[in-house]
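Morning, everyone. Let me put the model up, and then we'll go through its surface and its rings.

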Amino acid sequence: MNIALPLSDKIQNRLFFLTVLATVCFLFYPKYLPMNDLPQHAAQVAALDDLLKHRSPWADMLQINWDTPYLTVYALWLALYQFMGINASSKALVALEFLFFIYTAVKMRKEMGAERMTDWVALTCFFGFAFQWGFVGYIMGIPVGILFFIANKRWIENPSAKMLAAISALGIWSYFSHILTFSFFCLLSYGYFLFRIKEIPWKQRFSLTAAYLFFAALLARYTAKPNPVPYKAFEDNFIQHSFWDKILEIAYLPWNMSVLFYYDIACLFLFAAPIAANCRPTREKSRYVPLLACLAVYFLMPHFTFQTSFLYERFALFVPIFYYLIWEKKPETQGRTAAKISEAACLLSALCIAALTGKAYLNNILFDHSQKLADFIKISQMMENGKKILTVNDPLSISEGSLTSGGEFFHIAQWYQAERQGWADYSFASAHAMPVRMKMKEMYDGYSQVRFLSEYNLTRKTDCRRYDYLLILTANHTSDTLEKLLAANPSCSRVSHIKTIGEWSLFRRH
């Protein structure tokens, strides 16, 4: 199935290459990428670099944790950071992740014998939920997992000691890339092995199973590790969304955080396009295994558990990609009318791909021209370097509004920590998988909770003596109101208002 009206392979290859190149260029376009958690990861990398070079002003309150499944992404980012600034290195990291993702998606499509449209769908899915939230570790784990699956498939088709060694190495690499993608691709790959087990001699069955027992031990070890720092923002509970909610959300979660009516039409059409373009479900049953595995995980996983949010939402990314793996062209026996319908469907598919790809470009442009971002840059320049700040966010103000994502300003102040050698609570330093962690003695009551704007937090919960600056983001409270609330807090008696720019209000403790 071609991406548009029938084109030669050479033209399609060039068109895809140019689109990938343009996409990489747009990743470097804005001053900051509109990825919600990206500033937090940047703060981790900058803090880790300072600790390793023995120049961190916060060394007494921090410790390094090398036993982390985020090791791949942080090691790569740390290496990039040696040659460029923290912001430029963040864009270089995401660009490399994008290219790695595209390379492995194309490789998997060829390995499974699927149609070329799969490549384009994968390109659009990269900029969906996981990208918008800034899950850089999770995104890194996907292409590693795909290579792991391909190695397993090739071993099944031609068992050899060399390929088994590759499976073992890729499995360990996958573990140190992200624990969720590691778990998923182990499930997918072993499920694929079980589906084709009759083709494999007994001796080889035991050798592969031994490797997977080792992977299971890695996973069990990680899940059994005690959390060295209690993270009170998420209690140890279990949140499951309904089956019908997940059915509806599968129409947009691979591409967006929430419902976007016009873009959702494009998303839904991409699910219908293979039928309209005169394709049929393949008769090769093994090609259904990836889709069935990701649907099982998507519907069975909760929204939250093990101090990790957006669990099933992350796996939505795989649904369209694996869905396209099961389609193949029908024999060329269609009539003239069917051929015209197929061409029209291919043209509409091209428009849908252009819309969803352009959405990512547009978000970068809009975020770069955001007045709220410009105001943040101005007010952050008023703070001295190397200070400790608390950002207090009004949930109604953390989004740009013009973007198709949301929450872009929730952690934006972490760029102050990453770029100015300061410390901005909260910076992922209490999360169990992070390489830079706060020591237990530094975990005070209400840590990570006082970052939410409320009268109770400002008047009673916030201890202003811990900070040099308070940066408050709200469109619903004036600076006078905020000053009165802080004045009612005994620990904030020495805090005064410095400046308000747009929705940002800066306070300093003297």
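Start with the nonpolar surface patch: Phe243, Trp244, Ile247 and Leu248, together about 470 Å² of accessible area. Areas are Shrake-Rupley, with a 1.4 Å probe and only the protein chains shown as cover. Patch residues have over 30% relative accessible area and no salt bridge; nonpolar side chains (Val, Leu, Ile, Met, Phe, Trp, Tyr) are joined within 5 Å, like charges within 9 Å. A salt bridge puts a side-chain nitrogen of Lys or Arg within 4 Å of a carboxyl oxygen of Asp or Glu.

This is a predicted model: local features need pLDDT of at least 70, side-chain atom pairs 80 or more, while totals for chains, interfaces and linings use all residues. Numbering runs from 1 along each chain as its sequence is written, and side-chain values use heavy atoms, without hydrogens or water.

Ile247 sits in helix H11, residues 243-249. Helices are DSSP runs of H or I, at least four residues, numbered from the N terminus. Buried or exposed? Ile247 is partly exposed, at 33%. Buried means under 20% relative accessible area, exposed over 50%, partly exposed in between.

Now the rings. Phe, Tyr and Trp rings (six-membered ring for Trp) pair with centres within 6.5 Å; planes under 30 degrees apart are stacked, over 60 edge-to-face, the rest tilted. That gives 55 aromatic pairs. Phe26 and Tyr29 are 6.3 Å apart with planes at 50°, so that pair is tilted. Phe184 and Phe322 are stacked, at 6.5 Å and 15°. Phe184 is in helix H9 and Phe322 in helix H15, 138 residues apart. Phe184 is buried at 2%, and Phe322 is buried at 1%.

Key: Helices (H or I, at least four residues) and strands (E, at least two) are DSSP runs, numbered from the N terminus. Buried means under 20% relative accessible area, exposed over 50%, partly exposed in between (1.4 Å probe, protein chains only).
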